[in-house]
Amino acid sequence: MTLAEAASHGFLTPTGVEIAFLLVGIATLGAAVMAVTTKQLVHAALWLVVALGGIAVEYLLLTAEFIAWVQVLIYVGSVVVLLLFGLMLTKAPIGRSPDADSANGWVALVVAVAAAAALVWVVVDAFRTTWIDLDGAPQGSTKVSGEILFRHWVLPFEALSVLLLAALVGAIVLSRKAHEGSGTDREGKS
């Protein structure tokens, strides 16, 4: 892009990436609204997959490939699959669920709008004077993300891994005790 083209590019002349970003954002917002408003739990989980996938596409459009793949692997690949397994194992109703409807919909909407407004205000206020260095490595690149993660956030990262390991070991111990308890009940009744 030449200097004259860069000067002529403004708010009213969006590029293709900006148009794609806007369209994907609208689709992601629609999927998120559907995930929250649907009355079927499995459909809500599937709409959540679409919304989280849309966020991953937004990261790709922002040239943050590493963050996009983390989004796909962690949220779409793990969290939603875990949610679907939880729905299947608890024998959640496949069709319309009467428990998914609440009379507090308007209160929830007011709280959601207030929380969104507060979040936008805090983010805009926090980053008002922050400028991105365009001469260095791209901010979402693997190199920059790795340097930030392992230089500034090593201790919280390791603490989180120990916490997750402890939760995994605790879940295994609890499931083994429950499994052993059900085995003795069967033997006693036989």
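1. A residue is called buried here when its relative accessible area is under 20%. Keep that cut-off in mind as you look at this predicted model. Of the 190 residues in the protein chain, 12% are buried.

2. Start with the overall layout. The protein chain has seven helices and zero strands. Read from the N terminus, its elements go α-α-α-α-α-α-α. Now look at the contacts in the chain with a separation of 6 or more: 59% of them join residues 24 or more positions apart.

3. Next, pick out two helices that pack together. Two packed helices are described by the angle between their axes and the distance between the axes. Helix H2 covers residues 16–37 and helix H3 covers residues 41–61. Their axes lie 8 Å apart, and the packing angle is about 160 degrees. Angles over 145 degrees count as roughly antiparallel, so H2 and H3 are roughly antiparallel to each other. The crossing of H2 past H3 is left-handed.

4. Who makes that contact? On the H2 side, the residues include Val17, Phe21, Val24, Thr28 and Met34. On the H3 side, you'll find Trp47, Leu48, Ile55, Glu58 and Leu61 among them. Sorted by class, the contact of H2 with H3 has 16 nonpolar, three polar and one charged residues.

5. Stop at the loop between H2 and H3, where Thr38 sits. Is Thr38 buried or exposed? With a relative accessible area of 17%, Thr38 is buried, because the cut-off is under 20%. Its side chain reaches the backbone nitrogen of Gln40 at 3.5 Å. If you leave aside neighbours within four places in sequence, Thr38 is in contact with His43 and Ala44. Ala44 also turns up among the H3 residues that contact H2.

6. Now move on to H3 and H4. Their axes come within 8 Å and cross at roughly 175 degrees. That makes H3 roughly antiparallel to H4. The H3 residues that meet H4 include Leu41, Val49, Leu52, Ala56 and Tyr59. From H4, the partners include Glu65, Ile67, Gln71, Tyr75 and Leu87. By class, this contact of H3 with H4 divides into 19 nonpolar, two polar and one charged.

7. The loop between H3 and helix H4 (65–89) holds Thr63. Thr63 counts as partly exposed, because its relative accessibility is 44%.

8. Finally, have a look at Gln71, which is in helix H4. How accessible is Gln71? Its relative accessibility is 8%, so Gln71 counts as buried. Which residues does Gln71 touch, not counting those up to four places away in sequence? They are Leu52, Ile55, Ala56, Tyr59 and Val76.

Key:
Residues numbered from 1 in each chain as written. Predicted model: local features only at pLDDT ≥ 70, side-chain atom pairs only at ≥ 80, totals over all residues. Heavy atoms only, no water. Axes fitted to C-alpha atoms, helices over the stretch in contact; angles between N-to-C directions. Helix = DSSP H or I, 4+ residues; strand = E, 2+ residues; numbered from the N terminus. Parallel < 35°, antiparallel > 145°, perpendicular 65-115°, else oblique. Left-handed = near helix turned anticlockwise from the far one by under 90°. Contact = heavy atoms within 4.5 Å. Nonpolar A, V, L, I, M, F, W, Y, C, P; charged D, E, K, R; others polar. Buried < 20%, exposed > 50% of the residue type's maximum accessible area, 1.4 Å probe, protein only. Polar contact = N/O pair within 3.5 Å; in protein donor to acceptor, adjacent residues only side chain to side chain.
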